[in-house]
Amino acid sequence: MSFIQWKYSMATNIDEIDTQHMQLVSLINDLYEAMSKGQGKEKLNEIFNELFDYAKTHFFSEEKLMLIYGFPGYEDHKKEHQNFVEEIKKYKDKFEGGDSKTSIEVANFLKKWLVNHILKTDQQYAPYLQERI
């Protein structure tokens, strides 16, 4: 069973963004699956690298669309993205420092952040951008 299920309510109806969100859901589910097999620690370094790549690509995509179409909540949204990257860096530092609970903490953080960010924050720009794209 998946840790996070993609639901229609998560969709922004912007294909590029929804595809990227689904990739993050898959990444989080990969971590959860590895943890359920007792391989979370081994998989976590790979997950961190993928998360940083994801953040760079996805956040750039969202922020670019917001700038192009003049979304008024751009600055606040960008701050949420920056906070996400900072949190992931903290977890990576903990992991590299030998904290054995990091994979569980990261999985829980990612699930909570993803669901809240997509269902609340991203849904604020979705209608605005849908009207303009």
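Trainee: Is Glu-87 buried, partly exposed or exposed?
Mentor: Glu-87 counts as partly exposed, because its relative accessibility is 26%. Buried means under 20% relative accessible area, exposed means over 50%, and partly exposed is in between (1.4 Å probe, protein chains only). Keep in mind that this is a predicted model: local features need pLDDT of at least 70, side-chain atom pairs count only at pLDDT 80 or more, and totals for chains, interfaces and linings use all residues. Residues are numbered from 1 along each chain as its sequence is written, and side-chain values use heavy atoms, with hydrogens and water left out.
Trainee: Which side chain does Glu-87 meet in a salt bridge?
Mentor: That would be Lys-90, at 3.4 Å, N to O. A salt bridge here is a side-chain nitrogen of Lys or Arg within 4 Å of a carboxyl oxygen of Asp or Glu.
Trainee: OK, what does Lys-92 pair with?
Mentor: Glu-96, in a salt bridge of 2.5 Å, N to O. They're 4 residues apart in helix 3, so about one helical turn separates them.
Trainee: Lys-92, buried or exposed?
Mentor: Buried, at 16% relative accessibility. Glu-96 is exposed, at 51%.
Trainee: New topic: which residues are linked in a network of salt bridges?
Mentor: Lys-94, Asp-99 and Glu-105. Within it, the side chains of Asp-99 and Lys-94 meet at 3.6 Å, N to O.
Trainee: How many salt bridges in the whole structure?
Mentor: The search finds 7.

Key: Helices (H or I, at least four residues) and strands (E, at least two) are DSSP runs, numbered from the N terminus.
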